[in-house]
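The following exercises ask you to read a structure step by step, from the whole chain down to a single sheet. Try each task before turning to its solution.

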Amino acid sequence: MTKNLLVPDIGDFEKVEIIEVLVKVGDKINKNDPIVTLESDKSSVEVPSTEDGTVESVNVKIGDKVSKGHLLATLESLRPTEEKPKKILEEKLPPDTEKIIKEAENTLVLKKKIDEQKTITKKEGNDEKIEIVKNGDIDPIETKEWLESLSAVLEKDGKHRAQFLIKQLIEHSYKEGSDLVLSRNTPYINTISPETEVKSPGDQNLERKIRSLIRWNAAAMVVRANKKNPDLGGHIGTFASAATLYDVGMNHFWRAKNNKFGGDLIYFQGHSAPGIYARAFLEGRITSKQLDSFRQEVKPGGLSSYPHPWLMPKFWQFPTVSMGLGAMMSIYQARFTKYLINRGLLKDEGRKIWCFLGDGETDEPESLGAIGLAAREKLDNLIFVINCNLQRLDGPVRGNGKIIQELEGIFRGAGWNVIKVIWGSYWDPLLAKDKTGLLIKRMDEAVDGEYQAFKAKSGSFVRDKFFGKYSELLDLVSQMTDKDIWKLNRGGHDPHKVYAAYHSAMQNTGTPTVILAKTIKGYGMGKSGESINTTHQQKKLDEEELLYYRDRFDVPLTDQQVKNVEYYRPPENSPEIKYLKKCRLLLGGNLPERSSFAKSIKTPSEDIFKTMKESTGKKEMSTTMVLVRMLINLLRDKNVAPRLVPIIPDEARTFGMEGFFQKIGIYAHEGQKYEPVDSEQLSSYREDIKGQVLEEGLTEAGAISSWIAAGTSYTNHDISMIPIYLFYSMFGFQRIGDFAWAAGDNQTRGFLIGATAGRTTLAGEGLQHADGHSHIISSVIPNCISYDPTFAYELAVIFREGLRRMYEKEENVYYYITTMNENYPHPAIPSDKKCEEGILKGMYKIKEINIYKKTKIQLLGSGTILREMLAAAEILQNDYQIDSDIWSVTSFNELRKDGMETERYNLLNPDKEQKISYVEQCLAKTEGPVLAASDYMRMNSDQIRPYIKKNFYSLGTDGFGRSDTRKELRRFFEVDKEHIVAYALSVLSTEQLIASRYAKDAIKKYKIDPDRDFPTKL
Ligand SMILES: Cc1ncc(C[n+]2csc(CCOP(=O)(O)OP(=O)(O)O)c2C)c(N)n1
Ligand SMILES: [Mg+2]
């Protein structure tokens, strides 16, 4: 039977142009195959077929304007429509069956009503009577008794007493092992009770020895570096507090990447790096010579100060030392791992993402900023370990409060599984003896400032100040010596407690887990740094301190060896080294280790970009629309399509990308549980577990974290993905610059698209939206390649080259491309073969006016201002008989890089043939001075000033943006065609090439006020 394929509901649009017809008569097509592409003035969207079948007729052609209901094509349908059988079923329902269904439905309603009934408290006179009718109560009489008791307390002693009793009950149940606690906070004790702890299978003796050696070598490395040169810095105190947390993971939990398993991903706390090197040294992966070049990275082979994949590309996986970034990046890493699994691109192997943070680090908004997402997306592949040593750099994190309790409340509130590891095993008997709950009360009372002091002082101090507050507690420890009391350890230093917590975290499903481990900063450093405010910056230990450290951890070194600060590595066949290596062997290999086995992606054929290189005639469109069109085309390339990861922070509609919702879906781990309000429309909001678009909502930091996860997937998951993150250019580098920097370090590959770019191009939004400097910020990132293209063909050439370099050649660079929302016609790519090369190098001649052969000027325009340049050139030609060459500058940044390199080469090779920078190659033999302009501050075009031997003048948009029409804005910033003409004439007169009156007249003619303040002052 014949089916009509009509234009569906396309929202508010009428008479939308058909820009592509994707089927022809006789084609066999499937449901959802695209039949035409429509393009409004804002976006392009494909119309999918609603049926399987063979195309009988195509009723439209390119250029037709269509609206809802317009006939596009007819189809010989292969299947009867789906609604029919349903109708027959409804019609044929025998009356008896209907009756049975009705009855069943009624019982369901009844059952639901009963379920919904809750405990009802009825007031009769002054007496409170409690009726319990709730289902699922295994003993309603007992419940009734409890509630009546509570009512009696309320009546007799009031609400405070009742509240106190409820709190006591909760704490008691928690202490007895129930973790179903009903308040924001649990008591200040371990979440896992001693009875339920899973015991470590490890050899504790050997593990302690190994840990001691790691501690020693880490400290020795820092001390030796600072003996060499005190400027080198380093940290001892942080790793000293975290050693057990890392060791238990390394010995028992963290599985490496190998040919059978993808590997757990560990985000190490940045300044605990010395300990990670020290372990690698014991493992034989790092030599003592390398340890001796800690923080001396200039010569090859040095160990980087912190985890920097750029500097140690085979070792470090994640740059974390800028506090807070690791937390967010790990959350989005866990989310992206699930995304790959749900899209069927990655096997679900139960891999985990572990992220280590300092407790002070949680002050960073980024650290806690995305924990809601982790719970919402049920990221049970994510484990945070927060090392709560109660100190940050200057002093305590929460001197007057308790960081563990504060974090517990925040994470619990966000829906995380919280495991507190506060007290070590030596406390267990004391807590067991504490029948009244007084010990827990005291634990709850003491604040972190006190806890810090307890561990900086002595056993007798703890006895006096902690236990001494209550005589019953003094009695509790009366049998213990001061030494015993000093031994009472903290959970984060107890391998049993840490093991039990990690084990429990590994088993948890449905939520992310945070482990809050209480430790001591500078653990074992004694007077030189244990739990004192200056621990963080302690990097020198004198002889006495080193000897103390050796004795504290029983490191088998002689006094002389200690004085020499020698490293210690037991022989290869020692039990320690054998054990250490065996543990890692069982866990699949070394950690950390960075590698990639991803296959490269073939660059899509030129055909995909063909339409972008043709003239649009009179048709106007923005470069953002061109980009979206290009992405739609790329989705038809079988190599590239599945790898594209479009990322948008709530601006898909702004960029005309809403067509993607239906076409490739929005990733949602639970699919779509509702019928979207716009379900009738072509671009309706479609969430899907296999969705491809990452619709991040309003979080630029989250979106870039997703982009980094996708752009490093080639190493973390051995599959190359192509993330394309579109954002308001103003909310890009300026907002998330530190992530963009970390992305460079991380060797992220992908596209950042600064849309609605330019200080005068985004017209109506004003100061905080109008970007005139993102290219300056992007230029500081060494492996970021930035472009500001004007025309569709430029964008196409740049984008294809980006794909080739990043995914076929696998270069560790990323692209920043600005696109605009200004509509204008696009010419065809010039036939000159060198044009494409010029586009990529940063400039090419787009037009030459050589009519009068008297006076000439070189006009350089970039982005949207190129069009003002072209218009100005015409005025100069027609009104002033001035010739010009007009250059399209696609990237001042790229030109500067080439200029710098060339200049450096020439200076270092004075005796060799001098090279000529690309800018010089373009401009040296041309006539006249240079005038450059872009929609960015002058600094953008000034980047090439040193590499041009001609006189150079630049115009730009320095100053705060503001809202107005484009015309007014360009006039305000003096980059419109009239200002360009006036300035060009003035430049020529300054260069003594024409009389100054021409400039003066033009200034008057165009009503330019020479006394107006510079725009930065307005
Ligand atoms: C964004 C940022 N700001 C400041 C620093 C400098 N800094 C490094 S570590 C540190 C203190 C960290 O304290 P905490 O997170 O508690 O870690 P700990 O050393 O105590 O384990 C500071 C301020 C940094 N690395 N990153
Ligand atoms: Mg800390």
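**Exercise 1.** How many positive and how many negative side chains does the chain have, and how far apart do the centres of the two sets lie?

*Solution.* The model is a predicted one. Counting Lys and Arg as positive and Asp and Glu as negative, one finds 142 positive and 144 negative side chains, and the centres of these two sets are 3 Å apart.

**Exercise 2.** Describe the overall dimensions, the burial and the contacts of the chain.

*Solution.* Begin with the C-alpha trace, which spans about 105 × 100 × 60 Å along its principal axes. Next take the accessible surface, about 45,100 Å², of which carbon and sulfur atoms contribute 52%. With buried meaning under 20% relative accessible area, 56% of the 1018 residues fall into that class. Finally, among contacts with a separation of 6 or more, 75% are made by residues 24 or more positions apart.

**Exercise 3.** What is the strand order of the open sheet of 4 strands, and which strands stand at its edges?

*Solution.* The chain holds 37 helices and 30 strands, and the open sheet is built from 4 of these strands in the order S5-S4-S2-S7, with antiparallel pairing. Strands S5 (44–48) and S7 (65–66) each have a single partner strand, so one side of each lacks a neighbour in the sheet, and these are the edges. Turning to the pairing of S5, strand S4 (residues 34–39) is joined to S5 by 5 bridges in an antiparallel arrangement, and Glu39 stands opposite Ser44 in S5. Helix H23 (residues 623–634) packs on the sheet, where H23 touches S2 (16–21), S4 and S5, and the direction of H23 makes about 35 degrees with that of S5.

Technical notes. Residues numbered from 1 in each chain as written. Chains lettered and ligands numbered in written order. Predicted model: local features only at pLDDT ≥ 70, side-chain atom pairs only at ≥ 80, totals over all residues. Heavy atoms only, no water. Pairing = 2+ DSSP bridges. Helix = DSSP H or I, 4+ residues; strand = E, 2+ residues; numbered from the N terminus. Contact = heavy atoms within 4.5 Å. Axes fitted to C-alpha atoms, helices over the stretch in contact; angles between N-to-C directions. Buried < 20%, exposed > 50% of the residue type's maximum accessible area, 1.4 Å probe, protein only. Areas by Shrake-Rupley, 256 points an atom, 1.4 Å probe, with all protein chains shown as cover. Charge placed at Lys NZ, Arg CZ, Asp CG, Glu CD.
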